[in-house]
2 protein chains.
Amino acid sequence: MGNGTRPITGANLIAGSESAQGPASFQAHHPATGENGTVAFSDATGEEIAAAVESATTAFQEYRSWSSARVAELLRAAADEVEALGDQLYEVADAETGLGRPRLETERARTCGQLRAFAAHVESGSHVEAIIDHADPDATPPRPDLRRMRVALGPVAVFGASNFPLAFGVPGGDTCSALAAGCPVVIKAHPSHPGTSELCARALISAAERVGAPAGIVSMVHGRGPDVGRALVLAEGIRAVGFTGSFQAGRALYDLAAGRPHPIPVFAEMGSVNPLFVTQRALRSRGAQIAQGFAASMTMGTGQFCTKPGLAFVPTGDDAEAFVGAVADALRDVGAGVMLNAGIRDALVERLAHTRAITGVQDVLTPANSDGDGVRCAPSLLAVEWDTFVANPELGEEHFGPVAIVVRYHQGQLPDALAGVDGTLSISVHGEDADLDDLLAVRDRMVERAGRVVWNGFPTGVAVAAAQHHGGPYPATTDPRHTSVGITAIDRFLRPVAFQDAPDALLPSALREDNPLGIRRLVDGAWR
Amino acid sequence: MGNGTRPITGANLIAGSESAQGPASFQAHHPATGENGTVAFSDATGEEIAAAVESATTAFQEYRSWSSARVAELLRAAADEVEALGDQLYEVADAETGLGRPRLETERARTCGQLRAFAAHVESGSHVEAIIDHADPDATPPRPDLRRMRVALGPVAVFGASNFPLAFGVPGGDTCSALAAGCPVVIKAHPSHPGTSELCARALISAAERVGAPAGIVSMVHGRGPDVGRALVLAEGIRAVGFTGSFQAGRALYDLAAGRPHPIPVFAEMGSVNPLFVTQRALRSRGAQIAQGFAASMTMGTGQFCTKPGLAFVPTGDDAEAFVGAVADALRDVGAGVMLNAGIRDALVERLAHTRAITGVQDVLTPANSDGDGVRCAPSLLAVEWDTFVANPELGEEHFGPVAIVVRYHQGQLPDALAGVDGTLSISVHGEDADLDDLLAVRDRMVERAGRVVWNGFPTGVAVAAAQHHGGPYPATTDPRHTSVGITAIDRFLRPVAFQDAPDALLPSALREDNPLGIRRLVDGAWR
């Protein structure tokens, strides 16, 4: 296991080896200080990308037949190795992201917990969904013996997100669930935190070496612009894509993948507005408390969470004005935070200016010049009347950063408000028990729009649990049938196969008659 | 329930009403006699397609919240109503398809059995995959109460196949699994059997009326050319597409759906070559028997099954020549069969001429002029040496109809042969116990290429069973992660949603604390 400081070379890591063949390189930017790092990170060339995919394809021939026990060993070794990066990981990640050590500690714990949770999940064997129907010669027509299980899809391209350098980065949920499924990964490191990515990739490579995995099981490539990602998605050997990031980038990759001669699925988790609805009763009884929670949730990570609540629907009246004032007060206390990079900050500033120019948009709180050192942004709060919201659909689109809009509405407009909301990761409702009958009447409309419905809470903080669903209708994701958080994320990278009348000797262990793995199986209609 | 003869009007059936607004119409062709039917089937207009989708969208608002018991009642009523079509269904379907009454009786039994199997499946509640993780306030960070289930995706467009007018037609697997999932359907009838489609749609509509379903739950539109299908896939309210048919049409619909502003999944089951591999030992010990089975399988339904074995790899030598002769003899006994329509026959004739012109392709059996009455085709058998197969990748593509190619190979070339095979619904292997070690070494390569691996059998005949998988890697399908046969076909039309800290009163029954439906759920990591 690694111990002490690892080198950060700026090379692509292909099948365990450093490679920096290309002419182009870039440096990390440190958003809290405005300085640049000293390492030159090498943009991967077409040949390097092809080599990474080829090595993943070769590795797949071996890795897909690994036992669940060995896969679990790899995942646990990966968690150990990420932990073994120790303070170096926090220092590099904090410099590159400005997220601060407490948050990075939490995120590392989540990331390693996730790797270990998937290890336990694959050990249980339930992810293969083994189903056995014994032959029925008396059926019309006679039915053969059929045995079905799920197998790995093949090499997966993973695109690390900017906003969670660990949990949705190189060692994050997509990598973890792909490896758990039996799929090698080729990871496109996010250029906002290339050093963090290299450290984590080295940890994964060390884990692979420790457990004797084929070298091509994990590769990582750098690329500042979109070309490296495009080439990766178009590489013939890639069988699926996991992505977390912007709508524009996610859709572009989706379109590329769909246009391939052999199309492949893209699981892109993209932008989301995460509306919050407050009932009159809840506003009356605890408006100030909801305002506090809302302000905290919308500024978490300087508003750069995919689950940031960007819209609050509040019943019009004096209580609404008190709510708006309370949110503004809380936001003033939060003050400016570090943004992940200048590109995100600039896009937000431009978007905010556009939004503020819409007739009827009221500036409740707009940022003072908050650009001291580095890339910073103070929170903004806007407010609109219902009619303005309805007349301007772009008010329902995401502002990625610490910006939110309060919409004054009448509670009876809730169905219309839901109809005006695009597909989103979450919808939150603050209500009282006496509201439940009214809310029940619109529950299925909430479900139609969102991947998660939160009651009397806030959407930031996505627990890693079997019952989690972090996804939602387009444009929140490109595939509402899948989650990127929680153990069911593994479903994305598996496909079923059936064996007909096959002798035990030809069957994978999961389907053999005597169930040597001792896994849960559906046999002749009954779970055993 | 219907009884006696139903009208066949040629109208589109939109939300239970006849509609024939457009100027264009077409007649059914009767392939066994060469005659045309007398009914004018009305090509749906853009307005009619939009009305069908709008009514489906409206129906969805109610239907998605139906209890599983009511959904099951609908599916059983549909089976009853299809059966109540009685002899009229057989007469119309036989005239339009030439499949013959025995086959149509089997297919009706399969179709109704399928509807009833899905009824039982939704009653079990296991399709919603309910998962509950109770709150854990002591976790770091504290974990909220999370409850996840799967809900219906929304209105589904179904494209009936030409070759199974019932089991993959209007009342077939796609319609059945979409309705079971809680999704209304808009069905594009196949123009080869429009009267059969209208009868079946009327049966579904009667079933919907009997159980009080909203009128828009089932609509059916006609269209001879591709325009109607295109408009349906592009209709904003459609949330998924089920398709069985040709590669060209399936890929075209996939591309359209992926290019929508709001992309939707297309589950297209397309062409497939279904190769069969024979070992030296099996050839020696029972070559004649395998030849008989192969000839029967490749001519079933005049070779127009998606699982028709189109390639047989046979170890070169005297036994191979005996095998080729035995297949040819058996095919002569089968003789000419009725093709589904002239378009399919013409495409096959053209394709076959192209294949026969390839240098090294040996004509073992080519059809005499088999065009007496109607649209008929006699079986063809071609043979090639391994080198010819390798040099001409198009020999690995499907001939849709009673045409097969024997490839003479050496058993040691099995891995290379597999590498040369495109994604396919099935791979069949005929071998002896002594071959198992060799075959085990290439099992995962078979799995990589196929959705189903058949041992000492033939791929035609796809049992409806939980352990079935009728799918496979592209180009066999556009999504290898799903099946179009068997109860897991319902997975295509469901998406998960999570509830966080929601009170019981706001939860769907499947997730309430006391499990009022009594369904199987994963609660805090344990199945209950």
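1. The buried residues of helix α1 of chain A pack against β1 (12-14), β2 (17-19), β10 (185-188), β11 (218-221) and α7 (227-234) of that chain. The model under discussion is a predicted one. The buried set of α1(A) consists of A:E48, A:I49, A:A51, A:A52, A:V53, A:S55, A:A56, A:A59, A:F60 and A:Y63. As to its geometry, α1(A) covers residues 46-63, and its 18 residues should span 26 Å at 1.5 Å a residue; the end C-alpha atoms are 25 Å apart, which agrees.

2. The domain division of chain A deserves a remark. Domain 1 is made up of 43-270 + 482-492, and domain 2 of 276-455. Their C-alpha centres lie 33 Å apart. Domain 1 of chain A brings 7 residues to the contact and domain 2 of chain A brings 8 residues. On the side of domain 1 that touches domain 2, the residues divide into 1 nonpolar, 5 polar and 1 charged.

3. Strand β8 of chain A (residues 146-152) has 7 of its 7 residues buried, so the strand is largely enclosed by the rest of the structure. It pairs with strand β7 (residues 131-133) of chain A in the antiparallel sense, over 3 bridges; within this pairing, A:R148 is the bridge partner of A:I131. β8(A) also pairs in the antiparallel sense with strand β23 (residues 494-500) of chain A, here over 7 bridges. A:L494 in β23(A) is the bridge partner of A:A152.

4. The loop between β7 and β8 of chain A contains A:P141. The peptide bond that joins A:T140 and A:P141 is cis, with omega of about -15°. In chain B, a cis peptide bond joins B:T140 and B:P141, with omega of about -10°. B:P141 is likewise placed in a loop, the one between β7 (131-133) and β8 (146-152) of chain B.

5. Turning to the interface between the chains, 55 residues of chain A are in contact with 55 residues of chain B. The elements β7, β8, α8, α14 (436-440), α15 (443-449), β22 (450-455) and β23 of chain A each supply at least two residues of the side that touches chain B. Of these, β23(A) gives the most, with 6 residues. The residues of this side of chain A divide into 32 nonpolar, 12 polar and 11 charged.

6. Strand pairing also crosses from one chain to the other. β22(A) is joined by 3 bridges to strand β23 (residues 494-500) of chain B, and the two strands run parallel. One of the residues concerned is A:R452, whose bridge partner in β23(B) is B:A498.

7. How are the two copies related? The same surface serves both copies, as 100% of the contact residues of chain A recur in chain B.

8. Helix α8 of chain B (residues 247-258) has 12 residues and reaches 16 Å from its first C-alpha to its last, close to the 16 Å expected at 1.5 Å a residue. Its buried residues are B:G250, B:L253, B:Y254, B:L256, B:A257 and B:A258. These buried residues of α8(B) pack against α8 (247-258) of chain A, and also against α7 (227-234), β12 (240-244) and β13 (266-269) of chain B.

9. B:T302 is a residue other than glycine with a positive phi, near 50°. B:T302 is placed in the loop between α9 (280-299) and β15 (311-315) of chain B. Because B:T302 has 28 C-beta neighbours inside 10 Å, it counts as buried. B:N456, also a residue other than glycine, has a positive phi near 50°. B:N456 is found in the loop between β22 (450-455) and β23 of chain B. With 17 C-beta neighbours inside 10 Å, B:N456 counts as partly exposed.

Technical notes: Residues numbered from 1 in each chain as written. Chains lettered and ligands numbered in written order. Predicted model: local features only at pLDDT ≥ 70, side-chain atom pairs only at ≥ 80, totals over all residues. Helix = DSSP H or I, 4+ residues; strand = E, 2+ residues; numbered from the N terminus. Expected span 1.5 Å × (residues − 1). Buried ≥ 20, exposed ≤ 12 C-beta atoms within 10 Å, placed from the backbone. Contact = placed C-beta atoms within 7 Å. Pairing = 2+ DSSP bridges. Domains from an automatic or database assignment. Nonpolar A, V, L, I, M, F, W, Y, C, P; charged D, E, K, R; others polar.
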